[in-house]
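Here is a friendly walk through one model, taken a few side chains at a time. Please keep the sequence and the 3D view open as you read.

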Amino acid sequence: MLQLFHPLIDHNMQAITESFTPVSKDIFIRGADIVFMTDDGAKFHVHSYFFTRESIYWQQKLTGHNEPHHPLSKHYTANDPYIIQDVDSHDFRKFLRVFYNTRYGDYSFFSNLDWVDILSIAHKWEFPHVKTLSKLYLGKMGYGVVERTCGVHCTRIVDDEMIDRSYPRQVYLISCGHEI
């Protein structure tokens with residue numbers, strides 16, 4: 001196991017050559033202005049800047065606007081955090097690690113499955129640059145990313161006519177308006 005150290009990142013975050021597997025502890029980033037909490041109670045004290053700069057989804061959620069650089073509409077603290085219900089703490093840590101990386105541009109600690117998790121969050125939360133980065137690294141690992149819009153119930157989203165056989169290994173991003 002390789003122990004990573006960075007003054008701004010929780011020192012217990014660890015990387016394994018096979019996959020990024022951080023410990024389940026709260027994360028405190030110096031100068032953080034927002035606290036997120038996942039369903040398992042893990043808290044993430046981070047900068048809202050990355051969320052409001054990079055994602056229209058989060059711009060709307062946190063500021064009420066469709067453009068970056070507006071102040072947060074509410075102050076989320078450790079006692080009153082923003083609750084994230086659609087992403088677990090393990091995957092959220094991976095996603096945050098894209099922004100809070102110990103070595104600029106070095107994502108060698110992420111496995112293909114880690115990149116799939118990051119891509120899924122970037123797709124769901126509308127982070128276009130993180131989505132592009134995920135596709136780039138998955139491509140380097142021999143994976144193609146196929147995006148489809150679901151026209152049927154979500155239990156049948158990957159059927160034979162949706163498969164693009166030009167990629168030997170594929171990751172599917174399915175956009176669907178159906179409620180599950």
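## Arg53 and its partner

Arg53 is partly exposed, with a relative accessible area of 33%; buried means under 20%, exposed over 50%, and partly exposed in between, using a 1.4 Å probe and protein chains only. Arg53 forms a salt bridge with Glu54, their closest N and O atoms being 2.5 Å apart. A salt bridge here is a side-chain nitrogen of Lys or Arg within 4 Å of a carboxyl oxygen of Asp or Glu. Glu54 counts as buried, at 13% relative accessibility.

This is a predicted model, where local features need pLDDT of at least 70 and side-chain atom pairs count only at pLDDT 80 or more, while totals for chains, interfaces and linings use all residues. Residues are numbered from 1 along each chain as its sequence is written, and side-chain values use heavy atoms, with hydrogens and water left out.

## A network of charges

How many salt bridges are there by this rule? The count comes to 6. Asp91, Lys94, Asp114 and Asp117 are linked in a network of them.

Let's start with Lys94 and Asp91, whose side chains meet at 3.3 Å, N to O. Both lie in helix α3 (residues 89-99), 3 residues apart, about one turn of the helix. Helices (H or I, at least four residues) and strands (E, at least two) are DSSP runs, numbered from the N terminus. Lys94 is buried at 3% relative accessibility, and Asp91 is buried too, at 18%. Lys94 also forms a salt bridge with Asp114, with the closest N and O atoms 3.2 Å apart. That pair links distant parts of the chain, since Asp114 is in helix α4 and Lys94 in helix α3, 20 residues apart.

Helix α4 has 13 residues and reaches 18 Å from its first C-alpha to its last, close to the 18 Å expected at 1.5 Å a residue; the expected span is 1.5 Å times one less than the number of residues. Its buried residues include Asp114, Trp115 and Ile118.

After α4 comes Glu126, whose phi is positive, near 60°, in a residue other than glycine. Glu126 is found in the loop between α4 and α5 and is partly exposed, with a relative accessible area of 41%.

Rings of Phe, Tyr and Trp (its six-membered ring) pair if their centres lie within 6.5 Å; planes under 30 degrees apart count as stacked, over 60 as edge-to-face and the rest as tilted. By this rule there are 28 aromatic pairs. One of them is Phe110 with Trp115, edge-to-face at 5.0 Å centre to centre and 75° between the planes. Trp115 is buried at 0% relative accessibility. The rings of Trp115 and Tyr137 are stacked, because their centres are 4.8 Å apart and their planes at 10°. Trp115 lies in helix α4 (residues 112-124) and Tyr137 in helix α5 (residues 128-140), so the pair ties together parts that are 22 residues apart in sequence.

The open sheet of 4 strands has the order β3-β5-β4-β6, with mixed pairing; two strands pair if DSSP finds at least two bridges between them. Strand β4 (residues 34-38) and β6 pair in the parallel sense over 3 bridges, and the bridge partner of Phe36 in β6 is Tyr82.
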